[in-house]
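Here is a short briefing on one protein structure. Take a look at the sequence and the model before reading on.

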Amino acid sequence: MKKYIPGERCYNGYKLNTNENAFSTSKNCYFLLNIISKNFKKFKYYPNSNNLYLTKIISNIYNLNENNIFICNGSDEGLFFLFFLFKNFKIKIPKISYPFYKIYSNFFNIYKKEVKYSKILKYKNIIFPNPNSPSGEFIKKKQLINKIIKKNFLIIDEAYCDFYNLGLKNNINENNNLIIVNTLSKSFSNAGIRIGFIFSNKKIINKIKIIKQCFNSYTINIISNIISIECLKDIDYLYYNIQKINYLKLLFNFIFKKKNKGNFICLKKKIDFLFFFKKKNFFFRYFNNNILRITITNFIIFNKILSILKIWS
């Protein structure tokens, strides 16, 4: 059985292979030592299984009913629960996309059909990211809204949606089976605390909660919960960082003649391009079919990449 292989960990050089946000987490977290000290006595207790306060914060920010929100230990855990929930369905996933879709399908022995990303809306019971990684493709909101119906489920992985305003959270209601998966790892610069969300109708959320209780009642630890709340409260800082990343993305897209929409650029390059940059201490992500993904970073590293590109060409 295939397993997920994360981006290569490096301690010297420029790590641009896992789409981690180039900018630091919210400055609110500087004050966390004081907040944690006030909650120090709570550490001897198990965390709140329902994450009540964090759920209220998410509900207010995204204008959603609390019954439509599920919080999990990273979006990967949320995806795991969803594949378990729909394991008796025939699902469709993109051919080139997030590897965990195939891994979870195989793990649960789910019948899956792999289709081109651009054609996926032609099918029912589908799961895909928008924008897609590693390809950087995206599907417009209008097309997605037309696909939302009650009969079939539509799972959209919105890990990168904040970088292109593609979110469909507010289209969730009790009359459709739209399911949104999201995370604090990318746009919120919080990959290390492992917080993910699922948004859907009350019936689906309740089923996921039952699955969770069969695995682990306390998936979110107290410190991760506190950090998440502080980051979500500082939404202006999020938009500020997104603007900086999107500016660099425009430059990357212009140079490489692309239209990528996440916090990364996808290139068709042979593996010698990867090794050439690796010798210069730049670590990119390489996929099959000569697909190379580079995380968009800050302006200083961007200029260094341009200088090395001149040598390459």
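This is a predicted model: local features need pLDDT of at least 70, side-chain atom pairs count only at pLDDT 80 or more; totals for chains, interfaces and linings use all residues.

Residues are numbered from 1 along each chain as its sequence is written, and side-chain values use heavy atoms, with hydrogens and water left out.

**Salt bridges**

- Side chains of opposite charge can pair when their charged atoms come close.
- A salt bridge here is a side-chain nitrogen of Lys or Arg within 4 Å of a carboxyl oxygen of Asp or Glu.
- The whole structure holds five salt bridges.
- One of them joins glutamate 114 to lysine 102, with the closest N and O atoms 3.2 Å apart. Glutamate 114 sits in strand E4 and lysine 102 in helix H4, 12 residues apart. Helices (H or I, at least four residues) and strands (E, at least two) are DSSP runs, numbered from the N terminus.
- Glutamate 114 is partly exposed, at 31% relative accessibility. The cut-offs are under 20% relative accessible area for buried, over 50% for exposed, and partly exposed in between (1.4 Å probe, protein chains only).
- Lysine 169 pairs with glutamate 158, their closest N and O atoms being 3.3 Å apart. Both residues lie in the loop between E6 and strand E7 (178-183), so the pair ties together parts that are 11 residues apart in sequence. Lysine 169 and glutamate 158 are both buried.
- Glutamate 230 forms a salt bridge with lysine 233. Both lie in helix H7 (residues 222-233), three residues apart, about one turn of the helix. Glutamate 230 is buried at 10%, while lysine 233 is partly exposed at 47%.

**Helix H4**

- The buried residues of helix H4 (residues 100-107) are Phe100, Tyr101, Ile103, Tyr104 and Ser105.
- Their cover includes helix H3 (75-85) and strand E3 (91-94).
- Asparagine 109 follows H4 and has a positive phi, near 55°.

**Cysteines**

- How many disulfides (cysteine sulfur pairs within 2.5 Å) are there? The count is zero.
- For cysteine 72, the nearest cysteine sulfur belongs to cysteine 161, 15 Å away.
- Cysteine 72 is buried, with a relative accessible area of 0%. Cysteine 231 is buried too, at 2%.

**An exposed residue**

- Phenylalanine 40 lies in the loop between helix H1 (32-38) and helix H2 (52-62).
- Phenylalanine 40 is exposed, with a relative accessible area of 58%.

Conventions. A disulfide is a pair of cysteine sulfur atoms within 2.5 Å. Contact means heavy atoms within 4.5 Å.
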